[in-house]
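Please examine the sequence and the structure shown below. The report that follows describes selected features in running text.

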Amino acid sequence: MSNSISPPEPSAPPAVLIVDDEPNTLTLLKQLFGREIPVRTASTGPEALRVLEAVEVGVIVADQRMPDMSGTELLGQVMQRHPDVVRIMLTAFADIDTLTEAINTGKVFQYVAKPWDNRDLAMTVRSAMETYNLRRKNAQLLEQNTRLVEELRQANRELERENITLKRAVTGSYQLDNIIGVSPAMKKTLGVIEKAIESDATVLIHGETGTGKEVVARAVHYNSSRRDRKFVAQNCGSLPEALLETELFGHAKGAFTSADKDRRGLFEEADGGTMFLDEIGDMPMTMQVKLLRVLEEGEVRRIGSNEPVRVDVRILSATHKNLREEVEAGRFRRDLYYRLDVLRVHLPPLRERDGDVMLLAKHFLDKYTARSRKPLSGLTPAAIQALTDHSFPGNVRELENEIERAVALANPGDTVDVDLLSAEVVGDRKLAAADNGNGSLRGRLREVERRLITQELIKNDGNRTHSAAKLGISVRALQKKINLLEIKA
Ligand SMILES: Nc1ncnc2c1ncn2[C@@H]1O[C@H](COP(=O)(O)OP(=O)(O)OP(=O)(O)O)[C@@H](O)[C@H]1O
Ligand SMILES: [Mg+2]
């Protein structure tokens with residue numbers, strides 16, 4: 001018996017599919033559901049599978065005994081291909097073993113014993129159709145839910161992005177809280193740092209020792225669009241050339257005796273993120289060539305390998321040297337210098353940051369009192385004066401060390417006075433005090449000279465050769481001054 005297969009109609013209610021090789025059964029059942037539920041029929045298993053592909057079927061009722069394919073076999077296939085369809089088997093008492101197996105393996109949802117009672121069968125099919133409709137609805141809701149959750153996530157991400165932009169627009173600043181400075185010199189620098197954060201350009205950070213070059217490099221990375229990827233730092237002056245090369249570029253297995261396996265270098269590690277090359281001015285010439293290639297081609301080669309590896313790395317570099325002078329002196333490649341010095345952040349020495357010493361001193365005092373859990377009541381006016389008068393050749397790091405030591409030496413409740421400050425800081429202070437502004441120039445200079453020489457001798461444990469070298473005079477000249485100025489050494 002053939003069945004007319006119509007294309008799927010999405011709006012039509014799902015059909016019940018009746019499969020039996022007995023034409024009479026088919027006719028009978030068709031009449032039973034006639035108007036209430038659309039009925040499809042098939043006389044073999046393969047035909048039934050074709051109907052299932054063509055129209056939406058909610059319930060399938062199959063006879064167990066059919067020539068081509070048994071009912072359980074057919075329902076087993078339906079379970080695989082159309083799991084939502086509710087499967088019912090028509091079965092005679094003799095098939096009870098097959099039936100039990102089919103129910104246990106989930107192929108059959110329900111069974112109707114032959115000969116069936118029409119009212120029972122109609123009810124079974126009706127409730128099976130309800131089950132099918134509920135399953136469909138559930139699946140649709142789940143799908144809708146998943147879509148809504150995804151939309152919500154997307155909206156959240158957009159909101160977050162908008163928030164960041166808004167925050168920047170309102171405050172006009174980034175999270176640069178750990179860079180302290182209100183002096184005009186530092187404000188100018190902070191402006192450039194913000195530019196460096198917004199762009200993805202290569203940045204050269206220049207400044208004397210201890211001015212905060214690494215602090216700036218981290219701030220640029222952690223505020224930039226690369227902040228979720230790695231920040232990798234490498235000092236280019238602290239390693240022998242061969243080691244620096246393996247660190248940066250990695251190596252292939254067998255590249256040298258100890259290379260027992262492949263190793264990624266720091267450039268690959270930093271992929272997608274930022275590479276901070278500290279003390280770039282100390283990078284050996286041959287390494288400079290290799291770095292230039294990374295910048296120009298955006299790829300690295302592991303030592304001992306010819307395979308280029310693409311990397312997307314932003315380079316920040318730092319130096320206390322004047323790179324332009326290094327270029328003129330032939331110690332630094334000009335082409336590399338131009339590649340590195342796209343955006344320049346200059347960190348002024350602390351002595352040029354008017355007003356910042358006090359602010360930084362307070363910041364470090366808070367930091368170290370909190371860390372040592374030792375409450376202190378600030379600095380005495382004399383200590384403040386000594387700190388502001390000092391020239392801080394070691395810049396912010398020197399100031400930080402100075403305060404850390406003072407906190408370590410202080411007793412709980414103390415106000416930090418000059419006695420807790422180092423000879424370097426107080427020495428300058430004594431020097432300034434020595435020049436009381438009275439008397440002749442010759443007399444005042446004499447006093448300052450006496451203090452300087454005394455200080456140098458103390459620093460060098462009375463060693464005249466070292467002291468003379470530090471002061472840039474001969475030992476004989478120093479001896480003469482010691483006698484002349486009546487220094488007790
Ligand atoms: N503007 C600043 N605000 C707060 N702390 C700072 C600031 N600048 C530097 N520091 C602190 O001073 C110390 C030295 O800073 P950093 O290591 O960044 O200096 P550097 O320029 O890299 O020094 P070097 O040339 O010796 O490597 C660090 O402990 C850092 O936290
Ligand atoms: Mg540094």
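Arg373 lies in the loop between H13 and helix H14 (381–389), where helices (H or I, at least four residues) and strands (E, at least two) are DSSP runs numbered from the N terminus. Although Arg373 is not a glycine, its phi is positive, at about 50 degrees. Arg373 is exposed, with a relative accessible area of 76%; in this scheme, buried means under 20% relative accessible area, exposed over 50%, and partly exposed in between, for a 1.4 Å probe and protein chains only.

This is a predicted model, in which local features need pLDDT of at least 70 and side-chain atom pairs count only at pLDDT 80 or more, while totals for chains, interfaces and linings use all residues. Residues are numbered from 1 along each chain as its sequence is written, chains are lettered from A and ligands numbered from 1 in the order in which they are written, and side-chain values use heavy atoms, with hydrogens and water left out.

Glu486 also has a positive phi, of about 55 degrees, although it is not a glycine. Glu486 is placed in the segment after helix H19 (475–484) and counts as exposed because its relative accessibility is 59%. Another backbone feature is the cis peptide bond from Lys114 to Pro115, with omega near -10 degrees. Pro115 is found in the loop between strand E5 (110–113) and helix H5 (118–171).

The domain assignment, whose bounds come from an automatic or database source, divides the protein chain into domain 1 (15–138), domain 2 (184–348) and domain 3 (352–484). Between the C-alpha centres of domain 1 and domain 2 the distance is 72 Å.

The largest pocket has a volume of about 560 Å³. On a 1 Å grid over the protein atoms alone, a pocket is an open set of points with protein on both sides within 12 Å along at least five of seven lines, and lining residues have an atom within 4 Å of a point. Of the 25 lining residues, Gly210, Thr211, Gly212, Val215 and Val396 are the closest to the centre of the pocket. Domain 2 and domain 3 each contribute at least three residues to this lining. Helix H7 (213–223), helix H13 (356–372) and helix H15 (395–409) each supply at least two.

Ligand 1 is surrounded by 15 residues, and the closest are Ile180, Thr209, Lys213, Arg397 and Glu400; a residue is near a molecule if one of its heavy atoms lies within 4 Å of it.

| Protein atom | Ligand 1 atom | Distance |
|---|---|---|
| Asn178, backbone N or O | nitrogen | 3.4 Å |
| Lys213, polar side-chain atom | oxygen | 2.6 Å |
| Glu400, side-chain N or O | oxygen | 2.8 Å |

Is Asn460 buried or exposed? Asn460 is buried, because its relative accessible area is 17%. Asn460 lies in the loop between helix H17 (441–459) and H18, and its side chain makes a polar contact with the side chain of Ser467, at 3.3 Å. A polar contact is a pair of N or O atoms within 3.5 Å; within protein, one must be able to donate a hydrogen and the other to accept it, and residues adjacent in sequence count only if both atoms are side-chain atoms.

Ala469 is found in helix H18 (residues 464–471) and is exposed, with a relative accessible area of 59%. Ala469 and Ala62 are 407 residues apart in sequence and 108 Å apart in space, C-alpha to C-alpha.

Methods. 1 Å grid on protein atoms, 1.4 Å probe; cavity = no way out; pocket = protein on both sides within 12 Å on 5 of 7 lines; lining within 4 Å. Points joined across faces, edges and corners; volume = space filled by probe spheres on them.
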